[in-house]
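Subject: Structure handover

Hello,

Here is the structure you asked for. My notes follow below it.

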Amino acid sequence: MNFEETDIDFDRIDWRRFEELCFDLLMKYQFHDMIWHQGSADGGKDIEALATVVNPLLGAYTEKWFFECKFYTGGIPMTELVSKIGWATAHRVKHFVLMTNTHPTKDTRDYLNKTQEKVDFKIHVIDGKMIKHKLLAFPDLIIKYFADDTLAWVKSLVRQWLFQHTLPEIKTLARLASTVDPGKLSKEELVFLMMAYQQSDYDED
């Protein structure tokens with residue numbers, strides 16, 4: 001499956017799905033003991049997690065990370081992060097990460113840069129551009145959160161065949177042939193469509 005950043009459209013999801021996307025992405029990068037604080041009463045973080053670091057001299061040790069997920073239509077204002085940084089300071093985390101579908105404003109970046117000089121933990125920003133870049137390594141997440149209607153249609157046909165042993169009609173296959181991008185399908189889905197076409201030809205004979 002070949003995806004590009006243009007296939008990732010944050011307008012297809014809402015803030016809750018964005019938090020879920022962040023959670024799934026962090027799991028891909030082997031964060032563990034993760035807690036997703038769903039809802040507005042999350043204190044100073046949306047997701048807290050541990051990361052295991054392996055040092056050739058010291059061996060393995062864990063670090064605490066706080067992730068703040070911000071789903072915005074514009075730049076992230078500084079006021080959204082002041083209390084979050086205070087919470088991270090109080091809980092002595094090793095890393096605080098802002099994950100957003102957009103980007104921080106200039107004032108926010110200046111605030112984070114100045115704050116970094118005063119706190120003992122690392123502050124990181126993962127903006128929308130970086131999230132898209134990271135997602136390209138995980139086609140399953142792109143399909144889960146951003147699949148267009150045609151891809152979702154193919155997946156529903158595959159499920160229908162698996163559970164009901166029903167193949168799509170020739171008219172359905174013809175419509176798919178004119179709309180679906182084969183490069184966005186898995187090998188299994190391509191095999192399924194080829195089998196369905198062959199079967200439909202056999203049935204007509």
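**Salt bridges**

Arg109 and Asp127 meet through their side chains in a salt bridge, at 3.8 Å from N to O. Keep in mind that this is a predicted model. Arg109 sits in helix α3 (residues 106-116) and Asp127 in the loop between β5 and α4, so the pair ties together parts 18 residues apart in sequence. Asp127 is buried, with a relative accessible area of 18%. Arg109 is partly exposed, at 35%.

The whole structure holds 10 salt bridges. Another one joins Glu5 to Lys129, with the closest N and O atoms 2.8 Å apart. Here the sequence separation is 124 residues, because Glu5 belongs to the segment before α1 and Lys129 to helix α4. Glu5 counts as partly exposed at 22% relative accessibility. Lys129 is exposed, at 55%.

Lys144 and Asp24 form a salt bridge too, and their closest N and O atoms are 2.8 Å apart. This pair ties helix α5, which holds Lys144, to helix α1, which holds Asp24; the two parts are 120 residues apart in sequence. Lys144 is partly exposed, with a relative accessible area of 41%. Asp24 counts as buried at 15%. Both residues belong to a network of salt bridges that also links Arg17 and Glu20.

**Aromatic pairs**

There are 10 aromatic pairs in the structure. One of them is Phe10 with Phe146: edge-to-face, 5.8 Å centre to centre, 80 degrees between the planes. Phe10 lies in the segment before α1 and Phe146 in helix α5, so this contact ties together parts 136 residues apart in sequence. Both Phe10 and Phe146 are buried.

Phe18 and Phe71 make a tilted pair, because their ring centres are 5.6 Å apart and their planes stand at 45 degrees. Phe18 is in helix α1; Phe71 is in the loop between β3 and α2. That pair ties together parts 53 residues apart in sequence. Phe18 is buried, with a relative accessible area of 0%. Phe71 counts as partly exposed at 26%.

How do these rings group? Phe10, Phe18, Phe71, Tyr145 and Phe146 form one aromatic cluster.

**Sheet**

Five strands form an open sheet with mixed pairing. Their order is β1-β2-β3-β4-β5. β1 (32-36) and β5 stand at the edges with a single partner strand each, so one side of each has no neighbour in the sheet. On average, neighbouring strands are turned by 25 degrees against each other, direction ignored.

β3 (residues 59-70) pairs with β4 in the parallel sense, over six bridges. Phe67 stands opposite Val97 in β4. Helix α2 (residues 82-90) lies across β3, β4 and β5. It runs at about 160 degrees to β3.

**Helix α4**

Which residues of α4 are buried? In this helix (residues 128-135), they are Gly128, Ile131 and Leu135. They cover an arc of only 60 degrees around the axis, which puts them on the same side of α4. Lys129 and His133 are exposed on the other side. The cover over the buried residues includes α1 (15-28), β4 (95-100), β5 (122-126) and α5 (139-146).

Best wishes

Technical notes
Residues numbered from 1 in each chain as written. Predicted model: local features only at pLDDT ≥ 70, side-chain atom pairs only at ≥ 80, totals over all residues. Heavy atoms only, no water. Buried < 20%, exposed > 50% of the residue type's maximum accessible area, 1.4 Å probe, protein only. Helix = DSSP H or I, 4+ residues; strand = E, 2+ residues; numbered from the N terminus. Arc of directions from axis to C-beta. Contact = heavy atoms within 4.5 Å. Pairing = 2+ DSSP bridges. Axes fitted to C-alpha atoms, helices over the stretch in contact; angles between N-to-C directions. Phe/Tyr/Trp six-rings, centres within 6.5 Å; stacked < 30°, edge-to-face > 60°. Salt bridge = Lys/Arg side-chain N within 4 Å of Asp/Glu carboxyl O.
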